[in-house]
Amino acid sequence: MAEIVSFPDAGKAEALVVRSLRDGVLRLVLNNPPANALSIALLEALIAELDKAGSDADVRVVVIASTGNVYSAGHDLKELTAHRADEDQGAAFFERAFRLCADLMLKIAHLPKPVIAEVDGLATAAGCQLVASCDLAICTDTSTFCTPGVNIGLFCSTPMVAVTRAAHRKQAMEMLLTGETIDASTAKDFGLVNRIVPKQYLAQVVSKYAGVIASKSPLILKIGKEAFYRQLELPVEAAYDYAAKVMVDNMLTQDAEQGIGAFLGKRKPEWKGE
């Protein structure tokens, strides 16, 4: 059963995140219509939910989905613009908003559990950044993506960080320099998404992927995700040295002993999380 949680935006009765947990899969649904803009309140809500998920043993996988026809339009431009009337012309608020957004993306990367973006609709600017920051992304065949900041005089510099790490370099530059919208097929070619499915099957396919991942050892998923992002930062020789050490430490865990023994004995493993 869905549980509506997190912080309601000013003047709204609805909560900004709809939360549900089933069979180890936590669904966090953005609920800030019509565009699911990443307001300060929504960013804080998502960070709070991920904080709780990180320490909740019942959560194995996190799915970030949304309501409506827009996955997320990125930063709330009306909220940002309103602070131009501040004494500092909005500088402090702008810094807070962009820092908070970066904190969310880093929280996803550092979360010891896989995060899947379930995308149906437009993901633009920081919304595209959110998709690119998730470990996996599955979208409908009508979804679209863009980093259109260049069109309004605000280059998508922070979305660029995630997009350039998910997409191929020249394709990322194409998105950033033109600001044009790409379709789901192009997004898959660029490397932004893993799978494209018809709208009516999106939740079913995401649930299947999440369920498969949730069946693995949570400790091994944690070790693997951390190692994946850490080795990307290293030169290739250092990456192999680091990865070899991770493999040794991994082999010494009870779950590795259990998993290998189960494979050799042709039985189902019983994960201990140790």
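In which kind of crossing does α3 pass α4, left-handed or right-handed? Open the viewer and find out.

**Before you start**

This is a predicted model, in which local features need pLDDT of at least 70 and side-chain atom pairs count only at pLDDT 80 or more, while totals for chains, interfaces and linings use all residues. Residues are numbered from 1 along each chain as its sequence is written, and side-chain values use heavy atoms, with hydrogens and water left out. Helices (H or I, at least four residues) and strands (E, at least two) are DSSP runs, numbered from the N terminus.

**Stop 1: α3 and α4**

Select α3 (91–110) and α4 (126–133). Two packed helices are described by the angle between their axes and the distance between the axes. Here the axes come within 9 Å and cross at roughly 15°. Axes are lines fitted to C-alpha atoms, for helices over the stretch in contact, and angles run from 0 to 180 degrees between N-to-C directions. The pair α3 and α4 is therefore roughly parallel. The cut-offs are these: under 35 degrees is roughly parallel, over 145 roughly antiparallel, 65 to 115 roughly perpendicular, and the rest oblique.

Now the opening question: α3 passes α4 in a right-handed crossing. A crossing is right-handed if the near helix is turned clockwise from the far one by less than a right angle, and left-handed if anticlockwise.

Show the side chains. Cys101, Leu104, Met105 and Ile108 of α3 meet Ala126, Gln129, Leu130 and Ser133 of α4. Contact means heavy atoms within 4.5 Å.

**Stop 2**

Click Ala125, in the loop between β7 (122–124) and α4. Ala125 is not a glycine, yet its phi is positive, about 55°. Is Ala125 buried or exposed? Ala125 is buried, at 16% relative accessible area. Buried means under 20% relative accessible area, exposed over 50%, and partly exposed in between (1.4 Å probe, protein chains only).

**Stop 3: α5 and α6**

Select residues 157–166 for α5 and 169–178 for α6. These two helices pack at an angle of about 150°, and their axes are 8 Å apart. So α5 and α6 are roughly antiparallel to each other. The crossing of α5 past α6 is right-handed. Met160, Val163 and Thr164 of α5 make the contact with Ala172, Met175 and Leu176 of α6.

Stay on α6. Its buried residues are Ala172, Met175 and Leu176. They cover an arc of only 95° around the axis, so they sit on the same side of α6. The arc is that of the directions from the helix axis to the C-beta atoms. An α-helix has 3.6 residues a turn, so residues three or four places apart point the same way. On the other side of α6, find Lys170 and Leu177, which are exposed. What covers the buried residues of α6 includes β9 (144–146), β10 (182–183) and α7 (184–190). Just after α6, click Gly179, where phi is positive at about 70°.

**Stop 4**

Select α9, residues 218–232. This helix has 15 residues and reaches 22 Å from its first C-alpha to its last, close to the 21 Å expected at 1.5 Å a residue. The expected span is 1.5 Å times one less than the number of residues. Which residues of α9 are buried? They are Leu221, Lys225 and Ala227. These residues cover an arc of only 165° around the axis, which puts them on the same side of α9. They pack against α3, β6 (115–119), α8 (202–214) and α10 (236–251).

The axes of α9 and α10 come within 10 Å and cross at roughly 170°. That makes α9 roughly antiparallel to α10. On the α9 side, residues making the contact include Ile220, Ile223 and Ala227; on the α10 side they include Ala239, Tyr242 and Val246.

Next, click Tyr229 in α9. At 24% relative accessibility, Tyr229 counts as partly exposed. Leaving aside neighbours within four places in sequence, Tyr229 is in contact with Ala109, Ser133 and Asp135.

**Stop 5: two loops**

Go to Asp23, in the loop between β2 (15–22) and β3. Its phi is near 50°, a positive value in a residue other than glycine. Asp23 is exposed, with a relative accessible area of 68%.

Finish at Pro34, in the loop between β3 (25–30) and α1 (40–55). A cis peptide bond joins Pro33 and Pro34, with omega about 5°.
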